[in-house]
Amino acid sequence: MNFLKNKKQLFIKNITVAVFFIFHYHPITAQKISKRLDSIHKLEVNKSEKIKLYDALISRYEKLNNYTQLGSDAHQIAEWLHINTNTKQKAIEMVQTAIDARIKAIPFNPDLLKRSYNNLGLYYFKGKQYQASIKVYKTLIKVTATDFLIGRGYYMMGRNFNKLEDPYQAITYFQKAQYYFKNDKKYLSKNHYQLSKAYRIIRSRKNSEKVLYHLKTSEKLLLENNKIDYRRLFNINNEIGRWYFEQLQDTLNGEKYFKKADKITQNINDIRYQAVISYNLGLTYIDRDNLAAKQYIDISYKKFLEAKMELKLPYFGMGLLANSNKNYIQAEEYYYKCLSEFFESTISYDTIDNFLTKEKLTDIKDRMFLLEILKYAIDNYIDWGIKANNSSYHQKAIRLVKVSDRLINLMLESTNSDNSKLLWRSIASGTYASGIQASLEADDIDYGFFLSEKNKALLLQQEILKENSSIPSDFIEYERSLQRELISLQKEQERSNSVNDSLFMSLLFDKQEELYHLRDSIKTLYPDYIKERQSSALLTPLSDIVIKDNEIVMQYMMTERIAGIFPNTYCLVLSKDAKKLFKLENTKDLHDKIFTLRALLNKPFRNQEDILNYKKRATTLYHSLFPEEIRPLLKNKKITIVPDHLLSNLPFEALITDTGNYLLEENEISYTYSLSFQKQNTERKRNSNEEFLGIAPKDFKNDLTSLPNSIQEIKSGIKQYSGKLLQNEEATKDNFIKEIKDYKIVHLATHAFASDSITPWISFKNEKITNAEIDLLRNNADMVVLSACNTSLGEVHSGEGVLSLARSFFKSGANTVIPSLWSTNDKATATITADFYKNLSEGQTKSAALRTAKLNYLQSNTDAEASPHYWASMILIGDTGTLLPQSNNLWIFLLGFGIIAAIALSLYVYKRVTRV
């Protein structure tokens, strides 16, 4: 009793002292913790009582307008609240009070203000409120009076975007942080580690080496410190192991680094690290040693339980192991347990529709992993159906694909970043590939067609839809103007020699925010447009596709079902009387054949041996792409090729058929990105009054070589069509931008370049234009001819297609584009284009006119000059209809009018004679 009495007296004494300090101590203006706050910190009272005293202290400062001390103490109190209590929201409110005070404080101290912004951003980050955290750090970065914490701001921006699975944004900020961390090895190491995670999210082979580089650099910097942070060392080696195992499928090196990380856990007193590494080691033994795999995964499961962690990972590992053992029932059970962990509720096949709704998916974190779980569950049903010879399992797989598609649609709609949309399209393509396989097994050609269409140029179709939607043109033009300004700022930043580019970054932030805000406003104001651009409404169903008697469509799908593994290749054949979905065998061999033939097409024949070698390779590839049962359907047909992946770089007309002829000699061939795209693009409104615009700089103000035949090339078009030529000094970028919207035919005879690592560009007399800039133009062209190198090439994005110059002209309005697949010979090109325009002006369709021109060239040349290198580069993508000169249209009108007049006159005379 005495003990309790003494404790109560001590409590009253402490409270009395604290109250005295709050109300009677003279104001303190130093930027230090106040004696009042220090006295409260030292009180031996419970947390709720201490919080009341903190609030009273804050109220006192507010009444006195003592913003300097208010900012300092509120900042310290927020730190205490965040560390010592569960009232995280209270900590956020308190640090916001500190921020408000530090903005008003005199003298103003920008570094103290940035400290409070940093803590507020960190509290939001730890609370998984990533968008709110981003907003705070953007504000911090704009306080540019000093460099203090600017690097930390960029770094945390990157971490937030990594958590939001938006790696492209993350990389931008981590790269900016590098400059500020150049003398800080600790944070420089952290920054390299986070950069590696961003590049790993992207999952592309192009960025694969960057993952390892940044991890190794992070480790090197970490080990240079006197005191090693073993947790970070573990994370680095664990990530290197994942890189080898997941991206390179190098199991042995993956195991090596996982075991290295496992040894490091001996220096970490945290069972969570042991749980994770046991799980990763278990994965490396699946397909090698199932017993070892089971032992590791079982250990990880127990450690996850002991650490009270979510069980998603061990359940997923158990599912993979069960599938590997062909125990499909058990695999199904574990995959649904894994899904249940995501939603904190029991999920089964029968109830999954109730959980994967838009409302519930919106709040889910780690959506990429969720999609991966669903995909493996889909593949498990496919394997199960094949083994059991039971199509009902394939129907289950199809149902899960449809469920997964909801998540994919949500992710596409939730991001305003174009690069993030492309990333999600790429990730989704694996799910669609599994869906196509399930459709093949279930003989569901209609759904297989739907998935194939959705896996091609969907984002391009959404952009086209925007023009024909209810969105006012002012909104669309405003969006384009913002994008142009962003491109201009990015170019200016690249040209700047200053590494410290905070001003540019601030401008980029503001402009990007303005763009994203506009896109959010469009979603809110025009919900009908959002509904229309959902895939189910945007894509044309197979039942609505009309194929004529003389036509056949060959639609190819080349997509990875498993990341890093050679993609499966499917083909859907559509004719008036038949539709058939089949899988092409030996995909790796098909890849090799395509690469080999493309290499041969890059140069002309030198001798008879080259001719024989080419014929052999081209015939073999023809057999692979057109199986024997399909070839009879091709006879006398116009073929529309819908290519995918590597096949987009192949001119099918240069293949050799069983007769020994080029396919060009037996069939008229055209290409399109997808049948839905073709239909939608053809229906676009185009208003152009002029006929032909030809652009040929001939000579260039940079190091590009002269093109002496380019003037002759564009003059061949002006002979058949009225219009305008921009040649030599007039062939500038500004003139091109000014004139392009007014012409039906646009022909560029110049230099261009594109690859999977270089931004596509076209050169004018004075400067280049990129595909991003072309995207934002508006053309009304019925046809664009790109007589320049590699204009159909570009970076291949699985699920969307090739981001080429040709695609950019379609995006900006073209109905047909004739690009090139490799560096063209300008003399041969001039000959073919002259003949092409002649044929076109005489009434042949675009595809027939190009085919006739190529055949004429082929018949007029022999040996090396007849190499497909010279005539096969230019292909026709899009609409294949006629494009007559206006003068021909006038003659047709006069002829028609004359015929009608003659008939009317004859009837009149006949009636007069009859009366007589």
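Q: How many bridges join strand β10 to β11?
A: In this predicted model, strand β10 (residues 761-763) is joined to β11 by three bridges, and the two strands run antiparallel.

Q: Which residue in β11 is the bridge partner of Trp 761?
A: The partner of Trp 761 is Thr 770.

Q: In what order do the strands of that open sheet come?
A: The sheet has three strands in the order β9-β10-β11, and their pairing is antiparallel. β9 (752-753) and β11 (768-770) stand at the edges with a single partner strand each, so one side of each has no neighbour in the sheet.

Q: Turning to β5, are its residues buried or exposed?
A: Strand β5 (residues 668-671) is covered on both faces. Glu 668 and Ser 670 lie on one side, Ile 669 and Tyr 671 lie on the other, and all are buried.

Q: And is its pairing with β4 parallel or antiparallel?
A: Strand β4 (residues 638-642) pairs with β5 in the parallel sense, over four bridges. Ile 639 stands opposite Ile 669 in β5.

Q: Now the helices: at what angle do α4 and α6 pack?
A: Helix α4 (residues 67-84) and helix α6 (residues 110-126) pack at about 20 degrees, and their axes are 11 Å apart. The angle is under 35 degrees, which makes α4 roughly parallel to α6. The crossing of α4 past α6 is left-handed.

Q: Which residues meet there?
A: From α4, His 75, Ala 78, Glu 79 and His 82 meet Arg 115, Ser 116, Asn 119, Tyr 123 and Lys 126 of α6. By class, this contact of α4 with α6 has two nonpolar, four polar and three charged residues.

Technical notes:
Residues numbered from 1 in each chain as written. Predicted model: local features only at pLDDT ≥ 70, side-chain atom pairs only at ≥ 80, totals over all residues. Heavy atoms only, no water. Axes fitted to C-alpha atoms, helices over the stretch in contact; angles between N-to-C directions. Parallel < 35°, antiparallel > 145°, perpendicular 65-115°, else oblique. Left-handed = near helix turned anticlockwise from the far one by under 90°. Contact = heavy atoms within 4.5 Å. Nonpolar A, V, L, I, M, F, W, Y, C, P; charged D, E, K, R; others polar. Buried < 20%, exposed > 50% of the residue type's maximum accessible area, 1.4 Å probe, protein only. Pairing = 2+ DSSP bridges.
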